[in-house]
Amino acid sequence: MSDLVARVRDVLPSVRADLEALVRIESVWADPARRPEVQRSAEAVSKLLSQAGFDDVRIVAEGGAPAVIARHPAPPGAPTVLLYAHHDVQPEGDRSQWVSSPFEPTERDGRLYGRGTADDKAGIATHLAAFRAHDGAPPVGVTVFVEGEEESGSPSLSRLLSAHRDLLAADVIVIADSDNWSTDIPSLTVSLRGLADCVVEVATLDHGLHSGMWGGVVPDALTVLVRLLASLHNDDGTVAVAGLHEATASDVDYTPERVRADTGLLDGVSEIGSGSVAQRLWAKPAITVIGIDATPIAQSSNTLIPKARAKVSMRVAPGGDAAEHLAALTRHLERHVPWGARVTVTPGDVGQPYAIDATGPVYDAARQAFAEAWGHAAVDTGVGGSIPFIAEFAAAFPEAKILVTGVEDPDTQAHSINESLHLGVLERAATAEALLLRSLGG
């Protein structure tokens with residue numbers, strides 16, 4: 001396999017240049033003002049795939065963001081492999097907190113910094129490198145599918161899968177949108193939590209009141225909301241909502257020291273919940289308050305606030321049903337609101353969890369490719385976050401084997417400020433994918 005490994009190294013400089021060009025495009029689908037940039041990003045991806053040797057490349061949309069589909073036909077008797085990534089990125093947040101400009105890729109200490117350097121334009125780079133390493137003629141059919149709205153929950157993905165089913169049908173699906181155990185140890189993701197969220201609004205008054213005149217007699221909505229949100233967890237931080245599902249996580253050693261190092265947990269702040277870290281992170285439900293609407297401090301006055309609301313996000317363990325969990329969360333919020341306050345729960349996004357049976361020849365080939373490329377066996381892991389579209393792929397192509405890989409590592413900081421890609425991980429991930437394509441071709 002040394003020739004293929006060397007070939008990956010040969011193509012990496014051009015792949016990195018292409019990745020940097022993609023990072024400079026502010027493809028934030030969640031920002032309506034930058035949706036033309038998402039179109040420009042799709043056009044750039046389409047051009048790169050055409051230049052790589054794909055004969056059939058098209059930009060498609062089904063009422064949502066533009067996606068790219070590129071196809072290289074399978075030799076007679078060979079399987080087809082679908083390689084997935086997404087070209088949209090998260091908003092950059094407060095630019096002043098970035099060490100370097102979020103949309104100007106910058107290398108520091110072997111890492112490439114910038115929004116999308118890892119999540120998930122590096123997935124596109126990985127697929128390009130693996131295909132180019134085979135000189136555009138891998139021994140299997142290759143379809144590349146690059147989505148444009150994954151960071152917004154993939155709302156039109158089901159329509160894309162339905163409308164372009166014949167183009168996307170494959171025997172093996174490789175999803176390059178996950179992470180690795182470390183920069184030296186690869187991961188094969190075998191379970192993913194689902195997602196359900198809602199907005200809860202509480203109201204206590206039909207107008208604001210002077211807090212000196214009525215404080216202590218009638219409740220303000222923000223205090224009600226705080227007490228309601230606090231009811232979502234027990235004192236040790238375990239989720240207090242009844243009727244939620246719990247699964248079983250892989251048996252891996254995730255030390256408290258690693259938790260503190262990977263998360264930036266401040267000195268003196270303790271972990272929450274019960275059970276092993278892997279169990280809490282991959283196989284138990286979690287609830288987080290991700291936003292609150294109330295009077296900003298700069299605009300505050302001595303007034304009892306009549307209404308307040310919050311967005312609540314829940315992660316659903318593999319084996320659970322996200323819609324049923326959202327119903328359970330809604331019931332809890334409606335039953336635990338204090339002092340008879342009015343409560344309205346508006347449901348939001350739902351994404352199903354997924355567990356993968358990672359056994360059989362395809363997974364054996366993947367593990368062998370990982371071991372050769374990384375010099376270390378892959379660790380079977382779960383993902384605490386959600387990639388809801390995986391369940392949609394499984395439903396659309398039930399016979400396909402799904403491999404969830406990626407180029408992230410614990411220091412990537414995807415979705416956060418100073419997102420970065422470890423360049424050594426990019427090389428190893430691309431090498432593993434190139435080796436896998438050769439192996440699947442027999």
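Helices here are DSSP runs of H or I with at least four residues, numbered from the N terminus. The structure is a predicted model.

Helix α12 spans residues 389-396 and holds Phe393. Phe389 and Phe393 are 4 residues apart in helix α12, so about one helical turn separates them. The two rings form an edge-to-face aromatic pair. Phe393 also pairs edge-to-face with Tyr84, because the planes of those rings stand at 75° and their centres are 5.7 Å apart; planes over 60 degrees apart count as edge-to-face. Tyr84 belongs to strand β3 (residues 80-86), so its pair with Phe393 ties together parts that are 309 residues apart in sequence.

The two pairs compare as follows.

| Ring pair | Centre to centre | Angle between planes |
|---|---|---|
| Tyr84 and Phe393 | 5.7 Å | 75° |
| Phe389 and Phe393 | 5.9 Å | 75° |

Tyr84 has 0% relative accessibility and therefore counts as buried. Phe393 is buried too, at 0% relative accessibility, and Phe389 is buried with a relative accessible area of 1%. Ring pairs join Tyr84, Phe389 and Phe393 with Phe145 in a cluster. Over the whole structure, the search finds 7 aromatic pairs.

**The three-stranded sheet**

Strands β4, β5 and β18 make an open sheet, in the order β4-β5-β18 and with antiparallel pairing. Its edge strands, each pairing on one side only, are β4 (106-108) and β18 (420-422). On average, neighbouring strands of this sheet are turned by 25° against each other, direction ignored.

Between β4 and β5 (residues 111-113), the antiparallel pairing runs over 3 bridges. Thr106 stands opposite Tyr113 of β5. Helix α13 (residues 423-440) packs on the sheet and touches β4, β5 and β18. The direction of α13 makes about 60° with that of β18.

**Charges over rings**

Tyr113 also takes part in a charge-ring arrangement: the charged end of Arg108 sits over the Tyr113 ring, 3.8 Å from its centre. A further case involves Arg258, whose charged end sits over the ring of Tyr254 at 4.9 Å from the ring centre.

**Packing of α1 and α3**

Two packed helices are described by the angle between their axes and the distance between the axes. For helix α1 (residues 2-23) and helix α3 (residues 121-133), the angle is about 145° and the axes are 8 Å apart. The crossing of α1 past α3 is right-handed. On the α1 side, the residues making the contact include Leu4, Arg7, Val8, Val11, Val15 and Leu19. On the α3 side they include Ile124, Ala125, Leu128, Ala129 and Arg132.

Ala130 also lies in helix α3. With 0% relative accessibility, Ala130 counts as buried. In sequence, Ala130 and Arg7 are 123 residues apart, while their C-alpha atoms are 9.2 Å apart in space. Leaving aside residues up to four places away in sequence, Ala130 touches Ala430, Glu433, Ala434 and Leu437.

Note on methods. Residues are numbered from 1 along each chain as its sequence is written. This is a predicted model: local features need pLDDT of at least 70, side-chain atom pairs count only at pLDDT 80 or more; totals for chains, interfaces and linings use all residues. Side-chain values use heavy atoms; hydrogens and water are left out. Two strands pair if DSSP finds at least two bridges between them. Helices (H or I, at least four residues) and strands (E, at least two) are DSSP runs, numbered from the N terminus. Axes are lines fitted to C-alpha atoms, for helices over the stretch in contact, and angles run from 0 to 180 degrees between N-to-C directions. Contact means heavy atoms within 4.5 Å. Rings of Phe, Tyr and Trp (its six-membered ring) pair if their centres lie within 6.5 Å; planes under 30 degrees apart count as stacked, over 60 as edge-to-face and the rest as tilted. Buried means under 20% relative accessible area, exposed over 50%, partly exposed in between (1.4 Å probe, protein chains only). A charge sits over a ring if NZ of Lys or CZ of Arg is within 6 Å of the ring centre and within 35 degrees of the ring normal. A crossing is left-handed if the near helix is turned anticlockwise from the far one by less than a right angle, and right-handed if clockwise.
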